[in-house]
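Below is a briefing on one protein chain. Look through the sequence and the model before reading on.

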Amino acid sequence: MLEDGGGDDLYHAYFGISQGCGYDTGIGYLVDHDGNDFYTSNTISQGVGYEKGFGILSDFGGDDHYSAHTGCQGYSYPSRNETFPGIGILSNMGGNTDVFSEEVNDDTLRYKTNAGVLMNKCSGK
Ligand SMILES: [Ca+2]
Ligand SMILES: [Ca+2]
Ligand SMILES: [Ca+2]
């Protein structure tokens, strides 16, 4: 678990499997309470469940930028040898100009295959 109280932060992962990634039945949780933050990674990051893991990235304020490859940002991968999926959630609460790797409208709740969820709630200021 990684928790940050506020401020403008840069979260950079050179490879991935980070920033709210639950891997191999584990739990990964990144919570950032405020600030204009920049999240950048490569793969399996930013609210991802992988091999039955539970991953959450929760950001509660500010205009944020999320950058990662496909299969990230509220995504869950099916297990290779079991039917039980992981769970991946990216929750962006607040901000007016948040940017994601894919086009995401304001006030959107997007369900993805295999229990992935991307939630984008803007401040409406
Ligand atoms: Ca922050
Ligand atoms: Ca933020
Ligand atoms: Ca935000």
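Two residues are in contact if their C-beta atoms, placed from the backbone, lie within 7 Å. This is a predicted model, in which local features need pLDDT of at least 70 and side-chain atom pairs count only at pLDDT 80 or more, while totals for chains, interfaces and linings use all residues. Residues are numbered from 1 along each chain as its sequence is written, and chains are lettered from A and ligands numbered from 1 in the order in which they are written.

**Phe84**
- Phe84 sits in the loop between strand S11 (75–76) and strand S12 (87–93); strands (E, at least two residues) are DSSP runs, numbered from the N terminus.
- Leaving aside residues up to four places away in sequence, Phe84 touches Lys52 and Ser79.
- Phe84 counts as exposed because it has 10 other C-beta atoms within 10 Å; the cut-offs are 12 or fewer for exposed, 20 or more for buried, and partly exposed in between, with C-beta atoms placed from the backbone.
- From Phe84 to Phe54 there are 30 residues in sequence and 12 Å in space, C-alpha to C-alpha.

**Nonpolar cores**
- A nonpolar core is a set of buried Ala, Val, Leu, Ile, Met, Phe, Trp, Tyr and Cys residues joined through C-beta atoms within 7 Å.
- The largest core has 13 residues, of which Cys21, Ile44, Val48, Tyr50, Tyr66 and Cys72 touch the most other members.
- Strand S4 (21–23) and strand S8 (48–50) each supply at least two residues of this core.
- Apart from this core lies another, of 8 residues, including Ile56, Ile87, Ile89 and Leu118.
- Tyr50 has contacts with Cys21, Gly22, Tyr23, Ile44, Tyr77 and Gly86, not counting residues up to four places away in sequence.

**Parallel strands**
- An open sheet of 3 strands has the order S4-S8-S11, with parallel pairing; two strands pair if DSSP finds at least two bridges between them.
- S4 and S11 are the edge strands, each pairing on one side only.
- S8 and S11 are joined by 2 bridges, and Val48 has Tyr75 in S11 as its bridge partner.
- In strand S9 (residues 54–59), 5 of the 6 residues are buried.
- S9 runs parallel to strand S5 (residues 27–32), with 6 bridges between them, and Leu30 stands opposite Leu57.
- S9 also runs parallel to S12 over 6 bridges, where Asp59 has Asn92 as its partner.

**Hairpin**
- Strand S13 (residues 108–112) and strand S14 (residues 116–121) pair in the antiparallel sense over 5 bridges, with Leu109 opposite Met119.
- These strands, S13 and S14, form a hairpin with 3 residues between them, and Asn114 in the turn has a positive phi of about 65°.

Methods
Helix = DSSP H or I, 4+ residues; strand = E, 2+ residues; numbered from the N terminus.
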